[in-house]
Amino acid sequence: MAFDRSIKIAPSILSADFANFGQEIRAIEAQGADWVHVDVMDGHFVPNITFGPPAVKAFRPHVSTVMDVHLMIAPVDPYIDAFAEAGSDIITAHLEAGPHIHRTLQAIRAAGCKAGLSLNPGTGLEDVAYLLDLVDMVLVMTVNPGFGGQKFIASQVDKVRRLRQMIGDRPIHIQVDGGITPETAPLVAKAGADVLVAGSAVFKGGSVENPAPYGENIRAIRDAAQSGLQSA
Ligand code: DX5
Ligand code: ZN
């Protein structure tokens with residue numbers, strides 16, 4: 001995984017057909033997805049439950065790009081090794097998930113994965129400075145985590161912009177997640193995000209039998225993001 005700041009689209013399989021994950025993953029990759037975003041929810045840190053390490057392990061053979069695992073769970077530390085062994089390339093943990101996020105990020109790297117740090121919309125950047133040496137990606141949540149299909153929170157664009165300044169030349173991705181569409185993609189790309197997660201906006205109108213809309217949706221988000229960059 002060589003580092004670059006080109007725009008990457010990471011469809012969230014939270015919006016896929018839950019009876020057909022393998023085929024859905026192969027379909028979005030064939031239709032141009034750069035990464036595959038896997039939303040793990042525990043019914044405690046967030047008010048929704050999705051899947052655990054055995055499911056993530058079952059996804060792995062279907063992913064030929066990057067398996068990007070977003071853990072919305074607390075506590076998170078006891079589960080890092082299991083998600084690493086399940087084949088995650090990137091594991092992202094929430095700053096709000098416990099008192100020892102520094103240790104959590106160390107543990108993710110020690111387990112052989114790239115480390116992501118996620119911030120809820122209500123969390124500021126003050127605590128991020130001392131963590132930058134430990135992260136490969138910072139995820140700015142653009143909705144409150146828990147569900148797909150929510151409305152983009154516009155105040156987060158300025159957070160992305162300030163984070164981009166903090167990061168400077170460090171090889172750290174900025175990811176955004178929640179409410180990303182062709183309308184909101186230019187705003188976050190212009191502010192400095194390079195990895196755009198999108199669930200409902202990618203999967204809408206398509207299916208494994210008719211995957212072409214996935215490709216059209218991915219292209220529309222990417223083109224919109226790139227036009228935002230050109231106006232930067
Ligand atoms: C929200 C998840 C997102 C979600 C995005 O808690 O982290 O990845 O699936 O869904 P959309 O793109 O539909 O807002
Ligand atoms: Zn996510």
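**Chatting about a zinc site and a pocket**

Biologist: Which protein atoms are the donors of the zinc ion (ligand 2)?
Modeller: Keep in mind that this is a predicted model. The protein donors lie 2.0 to 2.3 Å from the zinc ion (ligand 2). They are His37 (NE2), Asp39 (OD), His70 (ND1) and Asp177 (OD).

Biologist: What is the site of the zinc ion (ligand 2) like, given the angles among its six donor atoms?
Modeller: Those angles run from 66 to 166°. For six donors, the label used here needs opposite donors over 155 degrees apart and all others between 65 and 115. The site of the zinc ion (ligand 2) is therefore classed as octahedral.

Biologist: What spacing do the donors of the zinc ion (ligand 2) follow along the chain?
Modeller: Reading along the chain, the donors go H-x1-D-x30-H-x106-D. Within that pattern, Asp39 sits in strand S2 (residues 36-41) and Asp177 in strand S7 (residues 173-177), so distant parts of the chain are linked. That pair is 138 residues apart.

Biologist: Is Asp177 buried or exposed?
Modeller: Buried means under 20% relative accessible area. Asp177 has 8%, so Asp177 counts as buried.

Biologist: Where does Thr142 lie, and what is its relative accessible area?
Modeller: Look in the loop between strand S6 (137-141) and helix H5 (156-167) for Thr142. Thr142 is buried, because its relative accessible area is 0%.

Biologist: How much space lies in the largest pocket, and which residues are closest to its centre?
Modeller: About 240 Å³ of space lies in the largest pocket. It is lined by 25 residues. The closest to its centre are Phe147, Gly148, Gly149, Asp177 and Gly178.

Biologist: How do the residues of that lining divide into nonpolar, polar and charged?
Modeller: First, the elements giving two or more residues to the lining are S2, strand S3 (67-72), strand S8 (195-198) and helix H7 (200-203). By type, the lining residues of the largest pocket divide into 11 nonpolar, 12 polar and two charged.

Note on methods: Residues are numbered from 1 along each chain as its sequence is written. Chains are lettered from A and ligands numbered from 1 in the order in which they are written. This is a predicted model: local features need pLDDT of at least 70, side-chain atom pairs count only at pLDDT 80 or more; totals for chains, interfaces and linings use all residues. Side-chain values use heavy atoms; hydrogens and water are left out. Donors are N, O and S atoms within 2.8 Å of the metal (3.2 Å for Na, K and Ca); water is not among the atoms, so sites may look incomplete. Four donors count as tetrahedral if all angles lie between 85 and 135 degrees; four count as square planar and six as octahedral if opposite donors are over 155 degrees apart and all others between 65 and 115; anything else is irregular. Helices (H or I, at least four residues) and strands (E, at least two) are DSSP runs, numbered from the N terminus. Buried means under 20% relative accessible area, exposed over 50%, partly exposed in between (1.4 Å probe, protein chains only). On a 1 Å grid over the protein atoms alone, a cavity is a set of points where a 1.4 Å probe fits but cannot get out, and a pocket is an open set with protein on both sides within 12 Å along at least five of seven lines; lining residues have an atom within 4 Å of a point. Grid points are joined across faces, edges and corners, and a volume is the space filled by probe spheres set on the points. Ala, Val, Leu, Ile, Met, Phe, Trp, Tyr, Cys and Pro count as nonpolar, Asp, Glu, Lys and Arg as charged, and the others, Gly among them, as polar.
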